[in-house]
Amino acid sequence: MKVWNLFDGRFGGVVLAMAVAGCQMQALPGSAAPEAPLATPARIAVDAPVAWGGQLRCSATDCRMAVVEHEKNTVALFRLEGRSARLLDRQPVAYHPDSAVWLTDNLLAAAVEASSGLDIFRVEGERMVRVHQAHVGFAPRDVVVAGSSAPGQHKLLVTPYSGKEVAWVDWREGNQEAARVQKVHWCEAPWHPVHVNRLPGLEGGGFAVACLDDRKVIAVSDDDLLAPPRVLARFDAVARQARPSPSGQWLYVALETGGRNARIHMESGELQWLQAPPTGAVAVATLADDLVVWGDDRQLYLQRLDAQGGVLETRWLRASGFATGLQLIDADGDGERDLVVFNSSPDVVDVLYGPLWAQAAKTAVVQPKN
């Protein structure tokens with residue numbers, strides 16, 4: 001039976017201080033006995049309604065965050081300064097932008113469904129100026145940077161909202177001609193691709209992606225990006241997102257529902273099952289090879305794992321909405337990794353300041369439903 005996900009339409013700058021509120025949920029195996037939460041982590045909430053995606057990028061001079069506001073049909077630009085955020089600009093795009101990525105400190109690309117391609121913006125001062133539109137011929141869900149062959153030359157990977165067609169886009173700065181687009185077929189609904197530095201049985205890395213409607217994880221090698229993809233694992237539940245561990249040893253897979261997530265050993269190909277709440281997860285980020293953050297509805301859960309994938313301990317953090325996008329980055333320059341949470345519903349992007357594990361609660365924390 002298919003289940004509608006009302007938060008993102010599929011199956012399956014005011015800054016406010018946010019306080020943890022919540023009620024207990026059933027503890028996972030490996031969770032500590034109920035006790036008072038630890039110190040609440042510092043956090044801000046950035047006003048960005050229905051943020052389907054985005055990326056924070058920090059340079060030597062500042063940190064700027066690009067966010068797509070899915071229902072408002074806009075791309076927003078914020079500057080993060082210390083532990084505060086300020087809106088710089090909002091620019092309209094066609095119907096339903098789905099993701100955004102930085103190409104350089106001053107260039108960003110947004111994937112836009114209705115225009116069937118990418119809008120590329122240059123940041124000039126505190127404003128975004130659209131400099132190019134790259135047409136890929138399908139409604140894109142994700143855009144990721146795939147590399148650069150020379151200064152000013154950018155290769156991007158674009159994957160669809162639905163369908164099997166993906167596009168490799170080569171675009172050169174200052175070139176008003178159409179970007180070079182090469183399309184291949186992968187799997188049904190390959191959402192949120194990511195580069196990995198290892199692949200089972202190969203010397204080098206490549207790109208991996210979870211296929212929502214095909215319920216599997218596939219990968220292609222850097223040696224031949226246009227080759228047919230290899231299947232790394234198949235699942236009974238929806239494979240929502242895949243992300244590598246810092247060393248590349250593991251590829252973690254968020255599975256929507258089913259009470260378990262998974263990880264793939266990127267040398268042997270071994271698949272390990274990881275105990276999870278009944279709702280599974282919709283996003284994942286990795287603090288260490290054995291320390292993982294999972295995104296869920298209005299909360300995040302952090303798991304420390306043993307070598308066999310057993311849960312040693314689970315801790316919890318609150319999210320302001322449906323936490324479908326996670327980015328680990330030092331946002332305030334204190335040497336600790338912080339967590340940016342792009343909530344596809346309702347109205348804010350969370351920035352949670354580290355150390356994350358040390359400040360997470362030892363019991364589940366969620367906002368009470370109205």
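**View 1. The open sheet of strands E17 to E20.** In this predicted model, four strands form an open sheet in the order E17-E18-E19-E20, with antiparallel pairing. Strands here are DSSP runs of E with at least two residues, helices are runs of H or I with at least four, and both are numbered from the N terminus. Two strands count as paired if DSSP finds at least two bridges between them. Strand E17 (190–196) and strand E20 (230–234) are the edge strands, each pairing on one side only. Strands of a sheet pair through backbone hydrogen bonds, either parallel or antiparallel. Residues are numbered from 1 along each chain as its sequence is written. Because the model is predicted, local features need pLDDT of at least 70 and side-chain atom pairs count only at pLDDT 80 or more, while totals for chains, interfaces and linings use all residues.

**View 2. Strands E18 and E19 and the loop between them.** Strand E18 (residues 206–211) and strand E19 (residues 216–221) run antiparallel and are joined by six bridges. Cys 211 has Lys 216 in E19 as its bridge partner. Arg 215 lies in the loop between E18 and E19. Although Arg 215 is not a glycine, its phi is positive, at about 55 degrees. Arg 215 has a relative accessible area of 33% and is therefore partly exposed (buried means under 20%, exposed over 50%, partly exposed in between, with a 1.4 Å probe and protein chains only).

View 3. Ala 189 sits in the loop between strand E16 (180–185) and E17. Its phi is positive, about 60 degrees, although Ala 189 is not a glycine. With 0% relative accessibility, Ala 189 counts as buried. Most residues other than glycine have a negative phi, and most peptide bonds are trans.

**View 4. Two cis peptide bonds.** Ser 345 and Pro 346 are joined by a cis peptide bond with omega of about 0 degrees. Pro 346 is in the loop between strand E29 (338–343) and strand E30 (348–352). The peptide bond from Gly 354 to Pro 355 is also cis, with omega near 10 degrees. Pro 355 is in the loop between E30 and helix H1 (356–359).

**View 5. Leu 88 and Ala 76.** Leu 88 lies in strand E8 (residues 84–92). Leu 88 is buried, as its relative accessible area is 11%. Ala 76 is twelve residues from Leu 88 in sequence, and their C-alpha atoms are 7.7 Å apart in space.

Notes:
Side-chain values use heavy atoms; hydrogens and water are left out.
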